[in-house]
Structures are given as structure tokens and as C-alpha cells.
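The sequence and the model are shown below.

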Amino acid sequence: MDENQDAVAEIVVRLLERESTRDIALWSALVDSGLLSTPLPSRYDGDGGGVLEVAAMLTELATDAVEVPVLPTLGFGVLPLLRTAPDMLAEKIFPAVAKGAVLTAALNEPGAPFSKGPETIAVTDGNTVRISGHKVHVLYANLARWILVPTDSGLAVVDAEAPGVGRIRNISSSGLPEFSLYLDNVSIPAEQLLPDGIPPLNRLALAAIGSVADGLLKGVLMRTAEHLRIRHQLGCSSARYRAASQHIADVYLTSRALHSATLSVNRALAQENDGPEHCESLDTDLAVLTYWVGEALPEAMHTCRQLNGEISTEITRPLRRYYSQADIIARMLGGTALRLDFLSTGCTLSRLQYQETARVPVSVAPTTAAVATI
């Protein structure tokens, strides 16, 4: 990391050393620290940071499994709007974020996570756009002031208290508030519909989820290793310690792989390159990252849960926050089968384009082989 990212991470560490709470009660302290202004432009009294600074913040907060709406506010909200929002919209939203306003995004529809072709309808009527649809897995919809809603006509920025917006809280094992969102003919100004806003939103949101996953696995790995060290000092047999060490070594390798994939994606996103070759490479990297999050993160968390013992799953234990957050972000991604399809489709398309250019009539290999190639 460069000095800007190091500075952001250091501020987070100092804040967490000073504050004992790890839930929404920490939000006011985060606002007072100025961390929410990190990605905002200087004209909104921000620090002018970007993807890498937000990634450093998300990872450091996730290392201690902090349950605050930084992921939806900055990762799902501010970063996409920085690239797509007109000045009028930016002037309304960004100063409010600096003062603590929460943003979120309705990324998933039933059976369609991060869909590039949403079924939510946006109908333009003069200077007004009316939104109707159903979204699921919307984080912090109860606290959000604005919600970014992908539609069939682009990305709609919806006032969370507008008439026609309905929320039903989902029952889940996570401590994070998660909602189903219903939009019934919700009216927004036409300038709050961003026609090209969905691809940046999806890419930045996936990368932000990767940063959180990176931090969660790093944090639970450190806590589990410390737990095993103390157990060994208290008399755990050498044979059991060696067996546990082998399992924790596997988790360490998973953590390093996930960290590398996250770092690669965030560096690519920070270039803000809209060229087709760059976007194609970025989408492949995102598919690799999200497959790792969906496949390897839950398995690594399960290993750490076993190594820590059953007591670690109790709701009052710190490790419960790691397990529950890992569960919710893995579910948001739609499962490993879907991510594997995205990954293999990207590989297949790349091979077809290469073969067409080289004029080599080779058949497309099965998806498993494509994944093995990656």
C-alpha cells in the first residue's frame, strides 16, 4: 500500500483501539474521524481518495469484523456515484455522506444476483421516472437515506423514504440488517436515472465485497492461530497441535490467495480504464475473486470454527461476527455454481475470440477445463 492507504488503515486501527463497540454504535465515531470523507472530492471537503483507499478501510474494519454500514455506503454507493453521478446529484448526496448519511444498493433480484439485465422497471414520464420491482438481500435498507436500484433502463438513485418504497426484514443468522425491497411506482427525478451506471456499480460492489472477505479471513485466521498457541502452551498434546497446525496452514494459503485476487481487482479498478480489453480482463479477475469468496471463504471459516471449538459460535463471542458476515456476503454473490458459470463463460468467450482472430477452428472445452486453466 502507498502512504495514503497506510494512513487510512492506521486511522481505522487507532479508532478501534480507542472504541470498544463493534456495531452500529461505532458509526458516529467513524463519522467524527472523517473516514467517510476519504473518497469524496476536495470540493465536498473530502480527501480525494478512491478505490484503493476504500479497500484499505473495508479490509481493516473487516479484520475486526466491525458491523457498520461502510460497505454499502462507500463500496456500493459513493464509489459508483463518483464515476456516474451528475454534479447536481453529487452535490445532494456527498455532503450528506460526510455527515453520516447511509447509502446502500439493491444489487440482487430473486434468483438473479448482480444481474446485468434487471427486471425492475423504470418508466420515464416527462421529467419523472417511475420505478417498480422487487429486490432482495438489501443491506441496511432501514438506515439508508438513498438506495441505488438497478433497473431495465439504468441505475436509479431512489430516496429511501419516497412513497411506494416498502421494506421487509429478512430473518438470517447474520447480525447485519438485511431486507427485501419492494418498489411500487416510486417516483424519482429523471436526472437521478443513470443510464450507464449498472456496470460500474456491479464491478465496484464485487470488489468491495472481496475487500471485506479479505479482512474477515485475515482477522479470523489471526484469532484462531492465537487460540491454538495458547492451547499448546496450556498442555495440548503435540500430535493434536501438529494436526491443527496443518489445518491452519491451509487457511493461511487460502487467505493469501484471496488477498492476491482482491489486490489485483482493486488495482485494476483504480485505473478507471473503460477500454474493452481492460474491462474484459477486469471481469475475469472479478469472476476469479468472487468464486474464491463463494467457495473458499465459507470452507476456511468452517475450519476455523472447528479449531476454535463450539463455543466460538455463541452469539456473544467475537468470532460469531466473522462467521455471520462471511455467510451473508457469500449468499449475496449467489453461490459458487453461479460464480463458476461466470468464470467459465468469460474463459470460453476469451478462447473463442482468440480462436476467431487466429482462425483456428478448435471446439470449446467444457467449463471445468476453463476453470482449471485459470
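The following paragraphs move from the overall protein to one helix and then to a sheet.

The model is predicted. The protein comprises 374 residues, of which 51% count as buried. Its secondary structure consists of 11 helices and 10 strands. Among contacts in the protein with a separation of 6 or more, 73% are accounted for by residues 24 or more positions apart. The protein exposes about 17,200 Å², and carbon and sulfur atoms supply 52% of this area.

Helix α4 covers residues 70-84. At 1.5 Å a residue, its 15 residues should span 21 Å, and this agrees with its end C-alpha atoms, which are 20 Å apart. Because 12 of the 15 residues of α4 are buried, the helix is largely enclosed by the rest of the structure. The buried residues include Leu71, Phe76, Val78 and Pro80.

What is the strand order of the open sheet of four strands? The order is β1-β6-β7-β10, with mixed pairing. β1 (102-105) and β10 (193-194) stand at the edges with a single partner strand each, so one side of each has no neighbour in the sheet. The pairing of β1 with β6 (residues 144-151) is parallel and extends over four bridges; Val102 stands opposite Ala144 in β6.

Helix α4 packs on this sheet, touching β1, β6, β7 and β10, and its direction makes about 80 degrees with that of β1. Helix α5 (residues 87-98) also lies across β1, β6, β7 and β10, and runs at about 135 degrees to β6.

Terms used. Residues are numbered from 1 along each chain as its sequence is written. This is a predicted model: local features need pLDDT of at least 70, side-chain atom pairs count only at pLDDT 80 or more; totals for chains, interfaces and linings use all residues. Side-chain values use heavy atoms; hydrogens and water are left out. Helices (H or I, at least four residues) and strands (E, at least two) are DSSP runs, numbered from the N terminus. Buried means under 20% relative accessible area, exposed over 50%, partly exposed in between (1.4 Å probe, protein chains only). Contact means heavy atoms within 4.5 Å. Accessible areas come from the Shrake-Rupley method with a 1.4 Å probe; for residues, only the protein chains shown count as cover. The expected span of a helix is 1.5 Å times one less than its number of residues. Two strands pair if DSSP finds at least two bridges between them. Axes are lines fitted to C-alpha atoms, for helices over the stretch in contact, and angles run from 0 to 180 degrees between N-to-C directions.
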